[in-house]
Amino acid sequence: MKLAGLKSVDNAHDDSVWAATWVPATADRAALLLTGSLDETVRLWGSDELSCVATNAGHCLGVVSVAAHPSGVIAASASLDSFVRVFDVDHNNTIATLEAPPSEVWQMQFDPKGTTLAVAGGGSASVKLWDTAEWKLIASLSIPRPEGPKPSDKNANKKFVLSVAWSPDGKRLACGSMDGTISVFDVQRAKFLHHLEGHFMPVRSLVYSPLDPRVLFSASDDGHVHMYDAEGKSLINALSGHSSWVLSVDASPDGVAIATGSSDRTVKLWDLKMRAAMQTLNNHADQVWAVAFRPPGGPGVRAGRLASVSDDKSISLYDYS
């Protein structure tokens, strides 16, 4: 796999772009790129041409996370205003507004079946699970403290939850915390299973392999990307190459590569067989907050796409085949 720059949009938002994900294709349209910004808006972009097709202005503070339902019909945005707005993608109608205490809404993700929205709960050291049929809170998964003293125990934010990811079979939920620990839950039993150790700074992004529900990738401020056996509680590999915080990680749909975005202003593509970075892209002039591979499927889709967004207000789109 090799990435080639396809399109970049400068000043895609009026402020830093902190979040990006793909809205899957439906029978009537191709996939759309969904971005969230500190300018308080959420925008939808055409899949290849990166033309802005809609702007949603439903928040009163910066947008920190966006999530797309697997059906491609609805999406959600989370803001520093402590609200999650759920909306109809094609008509921009608000379906539900989920409220949380301040600093309680960070990353979020729909489960693979689309029945549950998981929201990383910030300072409450928990992950909230919302039923997507009635938009009711159905569970709060509390993160226990790791055993033994850690160097970060003096940090008041040690339990702050930043990131969340579902396993591809929907049975497991992983979340990353400010202190560097990753917690794994059995969702059906709403039970904490174990911590994954290895990072010593905030874990800002997590993604499971689409091929193996045991394999989990994590991105941390310590500059490393970790590959875990999330069931066996073992670190398979630690990938290094970024010169600063790793802010985002995503796995390619075929499971052969991952992409990362960093505060060193680069996007890196990693070959998982070689377990090494095979490409570094320098499209951005500031830190890269999110990278996202387009899901497969949709009318006229011949090649893969990767998107990245940055504090420099831009979006970059790359193709691969």
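Strands S6 and S7 (residues 74-79) are joined by five bridges and run antiparallel; strands here are DSSP runs (E) of at least two residues, numbered from the N terminus, and two strands count as paired if DSSP finds at least two bridges between them. One of the bridges links serine 65 to alanine 78 in S7. This is a predicted model, in which local features need pLDDT of at least 70 and side-chain atom pairs count only at pLDDT 80 or more, while totals for chains, interfaces and linings use all residues. Residues are numbered from 1 along each chain as its sequence is written, and side-chain values use heavy atoms, with hydrogens and water left out.

S6 and S7 belong to an open sheet of four strands, ordered S6-S7-S8-S9, with antiparallel pairing. Its edge strands, which pair on one side only, are S6 (63-68) and S9 (94-99). On average, neighbouring strands of this sheet are turned by 15° against each other, direction ignored; the axes are lines fitted to C-alpha atoms, and angles run from 0 to 180 degrees between N-to-C directions.

Strand S8 (residues 83-88) contains aspartate 88. This residue is buried but has no salt bridge, and the nearest side chain of opposite charge, arginine 29, is 7.5 Å away. Buried means under 20% relative accessible area, with exposed over 50% and partly exposed in between (1.4 Å probe, protein chains only). A salt bridge requires a side-chain nitrogen of Lys or Arg within 4 Å of a carboxyl oxygen of Asp or Glu; for charge, Lys and Arg count as positive and Asp and Glu as negative, and His and the chain ends are not counted. The side chain of aspartate 88 does reach the backbone nitrogen of aspartate 90, at 3.0 Å. Leaving aside residues up to four places away in sequence, aspartate 88 touches Val73, Ile74, Asn93 and Ile95, where contact means heavy atoms within 4.5 Å.

Next comes strand S11 (residues 116-120). Five of its five residues are buried, so S11 is largely enclosed by the rest of the structure. In a regular strand, side chains alternate between the two faces of the sheet. In S11, Thr116, Ala118 and Ala120 point one way, and Leu117 and Val119 the other.

Three bridges connect S11 to strand S10 (residues 108-110) in antiparallel fashion, with glutamine 109 opposite alanine 118. Their hairpin has five residues between the strands, and glycine 114 there takes a positive phi near 85°. S11 is also joined to S12 (residues 126-131), by five bridges and again antiparallel. Here alanine 120 stands opposite valine 127. The hairpin of S11 and S12 has five residues between the strands, and glycine 122 in the turn has a positive phi of about 55°.

Terms used: A polar contact is a pair of N or O atoms within 3.5 Å; within protein, one must be able to donate a hydrogen and the other to accept it, and residues adjacent in sequence count only if both atoms are side-chain atoms.
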